[in-house]
Amino acid sequence: MTHTFVGMPPFPTAAREALADTQLRHNLVHATATIRGKRAGVVAEVENWEELRLAGAAVKDRALRGLDERLVQLEESLTARGAVVHWARDAAEANRVVVDVARRHGVDEVVKVKSMVTQEIGLNEALQAAGIAAWETDLAELIVQLGGDLPSHILVPAIHRNRAEIRDIFRRRMAEAGRPAPADLSDDPAALAAAARAHLREKFLRARMAVSGANFAVADTGTLVVVESEGNGRMCLTLPDVLVSVVGIEKVVPTWAELDPLLRLLPRSSTGERMNPYTSTWSGVTPGDGPQEVHVVLLDNGRTRALADDVGRQALRCIRCSACLNVCPVYERVGGHAYGSVYPGPIGAILNPLLKGTGDPQTDSLPYASSLCGACFEACPVRIDIPEVLVHLRSKVVDGHREDRVPKPEAIAMRSAAWTLSRGPRLGFAERLTGTGLGVARRFGAARWTSARDLPAAPRESFRAWWRRTDGRLDDSGG
Amino acid sequence: MTPVVEVRRAQRGASKPARDEILGRVRSALAGVEPDREPVAAPPGVRAADLVARFAERVADYRATVVHRAPGDVAVSVAAALPSGARVVVPPGLPDDLRAAVAGAVVDDGLSAAELDEIDAVVTCCRVAIAETGTIVLDHAPDQGRRAVTLVPDRHVCVVRAHQVVADVPDAVAVLDPERPLTWISGPSATSDIELDRVEGVHGPRVLHVIVVEETG
């Protein structure tokens, strides 16, 4: 029932398939336009929005620039408040921690709060392999999980599904996972939400263990923060006895007071609301209230690789709001699946290569999945200059091929151009051949280039030839 | 507490190489980067002229019910917010004037989730309310109860005293104690996961009823 992004084709191939899906494109245009409109409305209400963005970026930068000290401080404050802190270098280590906790408590199921990081590490698959069912409880994640599907948006993972498709998924699949959908279920969103409520309530009431991520982790107080809408997060964070939170090390916020600008920026950028319905914060264990055994897994999984990149480091400021997806002309047309990762859109196009490193054809295709229009940078609440990082990563991708035994056609073209342009006589000779060259190119071999671009028509006369003929006098332009 | 301590010791031991390696990687990634010592000062929030009016307007925007009452009328309003025959739970520290309005209510003494699921409504106070965002914040003190109490029942009646209303998010962050568990509530639970159509009422209380008590004098 669970799927992963492993083995996805490079972006251009995946994008071509997505573009052919008219239903997908219709759903995406509707959804992204709706969120864009809502966001614009509530952002316009805040007079000092630009100052707020600067403050949000500064808070995350401060956390990242002193990350070693912050992490040690976070560990100390969490431990002092009764939480057990684990460290995981990679996905496998993090998954092992969660599976071990589940096994020690003898549970065969866990309830999950929507979390990007547990998708990144493939936790559901790891739990499944250990015989433990992981129930996604966010409505969209439930739709994706029941449909045996992949998420396609950070905030609205089932953005590619319309109401009729969702009704069909619920009617076909809910029964195998627990309480079945009502036989007469309609495709009214309220009825679909009610079916999800009934289906998940029995799971919330009996679950003994929950797994969450965290939007923020405050170093000086050991406070984790989960921002949500439906109340499924509160259910998971409150009712079970055992809670494991998997937290990327870049989620650190230095102090409690510095959480403020981020809590003002996130909901307006993300769902286009002044504030999301529910925000939960907790610091370790509270006797008599909520889970009495609390674990926090601090995860690297490539974050230190991104941190070491002077230009790319800013991507770790990301607070996963997804505003950049909704304004991106590329995302709006191809959707999330084409990016082949849980992190799609402009942020995914930089985050994946930064976390995984360049060198793999799928990852290397992502920095090119952009027109560099800059809309993502303008929308980003923590001012990540995504176009700057895209260009930087493109150069890394190109650098990775400098030593190739068989150079790419682009590299050959660039080398020939450099050779030609570096000497006047060579250029003069080449100019005389421009017309012939373009004609040959048009006939043979340039089809891949011209499928999406025009080859310019050759001028009748080169500049040098014109100069020789007229000595630069415009009245003799000949024409 | 012994088992937890043992678990902690065992696991810290197990993940110590990971801890040291991650911190080592962070340090080498940041070689030559100067940390910023001073906390970031964020710009001030919005400050409406009439905080209580702004709060009520913003709560109503979330399709929650909001009413203003004079102190003497609170009990009546609380009773009116509860459907007749509703099974009601209250936290152990609910003030006497409110307790009187819900005479038949169950007082929470650690009810199980299943027991709470049989209850229709909960009546609580709050720690602070935010005018600009229409948010109430619970810090789960005795007049608000454990987190589960305000989560499982389908109707939450919350009494906000006018002096508890602050202007914007930074004002709330300044008065809240992060060592306590906090629940920030902005309207009833909601989802926009299906075609971006907003639906109120998923897993949290489907009805949020806020009673703002105006102070006299």
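User: What does the model score, and what is the mean pLDDT of chain B?

Analyst: This is a predicted model, where local features need pLDDT of at least 70 and side-chain atom pairs count only at pLDDT 80 or more, while totals for chains, interfaces and linings use all residues. Residues are numbered from 1 along each chain as its sequence is written, chains are lettered from A and ligands numbered from 1 in the order in which they are written, and side-chain values use heavy atoms, with hydrogens and water left out. The scores are ipTM 0.94 and pTM 0.91. Chain B has a mean pLDDT (the predictor's confidence in each residue, from 0 to 100) of 91, and 93% of its residues reach 70 or more.

User: Strand β9 of chain A: buried or exposed?

Analyst: Mostly covered: five of five residues in 278–282 are buried (under 20% relative accessible area; exposed is over 50%, partly exposed in between, with a 1.4 Å probe and protein chains only). Tyr278(A), Ser280(A) and Trp282(A) are on one side, Thr279(A) and Thr281(A) on the other. Strands here are DSSP runs of E, at least two residues, and helices are runs of H or I, at least four, numbered from the N terminus.

User: Which strands does β9(A) join?

Analyst: Strand β6 (residues 223–228) of chain A runs antiparallel to β9(A), with five bridges, and Val225(A) stands opposite Thr281(A). Strand β9 (residues 182–185) of chain B is also antiparallel to β9(A), through four bridges, and there Ile185(B) is the partner of Tyr278(A). Pairing requires at least two DSSP bridges between two strands.

User: Switching topic. How many salt bridges are there over all chains?

Analyst: The search finds 51, counting a side-chain nitrogen of Lys or Arg within 4 Å of a carboxyl oxygen of Asp or Glu. One of them is between Asp300(A) and Arg25(B), at 2.6 Å, N to O. Asp300(A) lies in the loop between β10 and α13 of chain A and Arg25(B) in helix α1 of chain B, so this pair joins two chains.

User: What about Asp120(B) and Arg87(B)?

Analyst: Their side chains meet in a salt bridge of 3.1 Å, N to O. Both residues lie in loops of chain B, so the pair ties together parts 33 residues apart in sequence. Arg87(B) is partly exposed at 44%, as is Asp120(B) at 29%.
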